[in-house]
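Please find below a colleague's note on the structure under review. It is arranged as numbered points for reading beside the model.

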Amino acid sequence: VLLFALVIPVIVTGQNDSDGNFMHPGINSAVLDKGHIETRVIGTYGLFSNHSPVLSEPNLTSQDQRIALISPAVFYGLMKHVNVGIVYQFMHIEENFAAGQTGFTSTYTNNSIGPQIRIKIFSSKNKTELYIQSHLLVPLDDYIPADKITYVNQLVATGRVGYNWAISLQIAGIVFPKYHDEKHPVTLPASLFVGYLIKRRAMPFVILNHNTDFGSMEQYGNNKYYRLNYSTNLGIGAKYQVFRNMDVGAYYLYSVHSKNGDKFNSLSVSLVNLILQPTVIFKPE
């Protein structure tokens, strides 16, 4: 049972300053200054396992779900505390179901695009940072109505304890499109990253993650929200500063408990390149 976030490159246009050596645990980025640019590409491949009955079809049992995703995005420093941009997502999903002694496979793809924004709430020079990052995804496929929008909001708080220790708390809320007469499904993931900086270049870290899923159930007919599932996950990871403006990192996350017995593991790899002053490519006479 395996979930892979394979490639997460981040390229930021600018020039690093004396404080740029501070690395955040995990793969989150800092808020850009005015005029700076960040491009990001996320690639994911995963396998999720669940052997409980499908709520809408009690005779079916979902065996596994394979997900392949690629998502490029751009951020621009509109102001010192506000970054704006756009994000695109392509997702390919393959689901295997069992019905008694037989089974079948369902395969589909999804394309979506939407704006994103990052707002800094608080920062203390190279010590702490608190910001909100939000985006929405509007489907581009003809078979999915344009009103099936997904909303993603994340609160990221990162701070340094002394010189070597770094802590990052990331809390998100994801609101998915509703189907039929049910309410919008909601997922609330929360992650705590604790890292230790070694000689300004390497940072191993540990992760504690908890996800909670809420939604309504059609068979009850009362349109109320229920806690459909929750899971607790642990992980380890590391970052390394290859060059002054470039970090590479990876972390492994695995589930240790789930309400419905779901099982998955994840491996995420990141490449971060930071340049904080725009480079002049052409200067007119």
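The points below concern salt bridges, a nonpolar core and one serine.

1. The model is predicted, and the remarks that follow should be read accordingly. Two salt bridges are present in the structure.

2. One of these salt bridges joins the side chains of E38 and R118, at 3.2 Å from N to O. The partners come from distant parts of the chain, with E38 in strand β2 (residues 37–49) and R118 in strand β6, 80 residues apart.

3. F193, F205, I207, Y251 and L253 make up the largest nonpolar core. Strands β11 (202–215) and β13 (246–258) each provide at least two of its residues. In soluble globular proteins, nonpolar side chains tend to be buried together. Beyond its neighbours within four places in sequence, Y251 contacts residues including I27, I236, G237, S266, L267 and S268.

4. S112 lies in strand β6 (residues 102–124). Is this residue, S112, buried or exposed? S112 is buried, because its relative accessible area is 3%. Apart from residues up to four places away in sequence, S112 touches V87, Y88, Q89, L137, V138, P139 and L140.

Definitions and conventions:
Residues numbered from 1 in each chain as written. Predicted model: local features only at pLDDT ≥ 70, side-chain atom pairs only at ≥ 80, totals over all residues. Heavy atoms only, no water. Helix = DSSP H or I, 4+ residues; strand = E, 2+ residues; numbered from the N terminus. Buried < 20%, exposed > 50% of the residue type's maximum accessible area, 1.4 Å probe, protein only. Contact = heavy atoms within 4.5 Å. Core = buried A, V, L, I, M, F, W, Y, C linked by side-chain atoms within 4.5 Å. Salt bridge = Lys/Arg side-chain N within 4 Å of Asp/Glu carboxyl O.
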